[in-house]
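The points below concern the ligand site, a cavity, the backbone and selected distances along the chain.

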Amino acid sequence: MIKAVRGTRDLLPPETALWNFVESAVRDVFRTYNFQEIRTPIFESTELFARGVGEETDIVSKEMFTWEDRGRAESDKGNSLTLRPENTAGVVRAYIEHKLWDRGLNKLYYIGPQFRRERPQKGRYRQFYQIGAEVIGPPSAGSESPARDAEVLEMLATLLDRLGIQNWTLELNSVGSSAERAKFNDALRVALEPVKNQMCSDCQRRAVTNPLRVFDCKVPEDQPIIEKLPRISEYLDEPCRQHFEQVKEILKAVGVAFQENSRLVRGLDYYTRTAFEFTHGALGAQNAILGGGRYDGLSEALGGPAAPGIGFAIGEDRLVLALTESAEAVLRKPDVYIAPLGAGINKEAAHLARELRRHDVVVELGDETFRLKKSFEAATKAGAKYILIVGENEVTANAFALKNLATGEQVSVPRAELAARIQK
Ligand code: HAM
């Protein structure tokens, strides 16, 4: 038997109804904040991610699905391509390629699959889905303002509340400018030098290549050492400090609760200043339901003009997991099962189904070869609220037997009143 590849999965009904519910709710929220959709390709040049996300990150150094695209002729130059592990680099590439700065401040969102070769477990897949957004534009359009950070965070709080997700925590930090981070990394290297041999093998490697990542370590024995390390907040300059203060002030003014977490450093290299994650208790080890932050230098790193930006990506798989408890309310069962009774009745039944569906009634349509007993079984299995019997007598009378499957009550309803009666 051929099975889905490790780390990928099929999304089946009824769960797909939850995905649709989530996506339509977030599109509604994006609309009221005046965000517009962007769709970028699911594969890009490998160089985009190497330069955008950073060579030293876990994502680029070991998790990308990359292949050599040779073109059709032997003489065609090879081209290294990669399935996108995230969408921010692609959006900023599109911003530069299409000169989107002409539009001032861009408020863009996307929904789609991303690919990372991670060890699969609950809430972590090799093909997963993100719902993300990016606010990006020239500095003259206000793209650097702390008002933008706060607005994005407030929108996320609204979105999670609207989806009925409870017990989320917003963790907030400022990771400063790249110059400050370079100084901080140096200080970390010095602080780690005498202790790194007591740490896990990952941390020993990080201490040399990317000391900041030590803060991601989950190994219990390493925690006392990490707790004593310097923090990025001690290295922020005055403009960064003030920017962070203003973000926090607005959040307090609009009533969005947050926790400062000086260990939050994020796993992608492009972040500057505001960095954040929303976590959710019910998710276990993979508890980050979304993450994001500012990336004021990314456009320049990709060869574009200055274009400060801030954005986030929600792990849609995890969002749906967090929602599963309250799922029942979202799933719409058929309102009515139409049971055609007797030869030649399928066409009458189809006509009725067409009329009812035009009135937004959810109809499951049976078949005239079914005996009445089998129709009842099928209607019950489908979870229909009513069964509607369409026999020769009913067609002649233009009134149909409608039975409530929960109460057993049965009434004869004239054709013109059926939709209203079913929807009552
Ligand atoms: P990220 O933190 O790498 O950020 O991913 C964002 C979210 O995607 C995570 O919090 C998680 O919910 C979900 N996620 C990541 N990897 C997996 C996986 N293997 N399986 C399931 N879910 C996963 C970014 O991707 C940035 N581009 C976010 C951003 C946008 N920053 C600024 N703008």
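1. Burial of Arg273. A residue is called buried when its relative accessible area is under 20%, exposed when that area is over 50%, and partly exposed in between. The model under review is predicted. In it, Arg273 has a relative accessibility of 15% and therefore counts as buried. Arg273 belongs to strand β9, which covers residues 272–280.

2. As background, most residues other than glycine have a negative phi.

3. Asp360. A positive phi, near 70°, is also found at Asp360, again a residue other than glycine. Asp360 sits in the loop that runs between α12 (346–358) and β13 (363–365). Is Asp360 buried or exposed? Its relative accessible area is 52%, so Asp360 is exposed, whereas Arg273 is buried.

4. The Pro13–Pro14 bond. The peptide bond that leads from Pro13 to Pro14 is cis, and its omega is near 5°. Most peptide bonds are trans. Pro14 is placed in the segment before α1, a helix that covers residues 15–32.

5. For Arg266, an N or O atom of the side chain lies 2.9 Å from a ligand oxygen atom. Phe312 contributes through its backbone: one of its N or O atoms is 3.3 Å from a nitrogen atom of the ligand.

6. Cover of the ligand and origin of its shell. On its own, the ligand has 660 Å² of accessible area, and the protein covers 95% of it.

7. The cavity. How many cavities of 30 Å³ or more does the structure hold? There is one, and the volume of the largest cavity is about 30 Å³. Its lining is formed by Arg9, Leu11, Gln127, Tyr129 and Asp317. By class, the lining comprises two nonpolar residues, one polar residue and two charged residues.

8. Lys333 and Ala384. Lys333 is located in the loop between α11 (316–323) and β12 (336–340). Its relative accessibility of 44% makes Lys333 partly exposed. Lys333 and Ala384 are 51 residues apart along the chain, and their C-alpha atoms are separated by 6.1 Å.

9. Leu365 and Pro340. Leu365 is part of strand β13. With a relative accessibility of 33%, Leu365 counts as partly exposed. A distance of 8.3 Å separates the C-alpha atoms of Leu365 and Pro340, which are 25 residues apart along the chain.

10. Lys99 and Asp76. The loop between α4 (88–97) and β5 (106–115) holds Lys99. Lys99 is partly exposed, at a relative accessible area of 46%. How are Lys99 and Asp76 placed, given that 23 residues separate them along the chain? Their C-alpha atoms are 29 Å apart.

11. Phe115 and Phe400. Phe115 lies in strand β5. The relative accessible area of Phe115 is 9%, and the residue is therefore buried. Between Phe115 and Phe400 the separation is 285 residues in sequence and 53 Å in space, taken from C-alpha to C-alpha.

How values were computed:
Residues numbered from 1 in each chain as written. Predicted model: local features only at pLDDT ≥ 70, side-chain atom pairs only at ≥ 80, totals over all residues. Heavy atoms only, no water. Polar contact = N/O pair within 3.5 Å; in protein donor to acceptor, adjacent residues only side chain to side chain. Areas by Shrake-Rupley, 256 points an atom, 1.4 Å probe, with all protein chains shown as cover. 1 Å grid on protein atoms, 1.4 Å probe; cavity = no way out; pocket = protein on both sides within 12 Å on 5 of 7 lines; lining within 4 Å. Points joined across faces, edges and corners; volume = space filled by probe spheres on them. Nonpolar A, V, L, I, M, F, W, Y, C, P; charged D, E, K, R; others polar. Helix = DSSP H or I, 4+ residues; strand = E, 2+ residues; numbered from the N terminus. Buried < 20%, exposed > 50% of the residue type's maximum accessible area, 1.4 Å probe, protein only.
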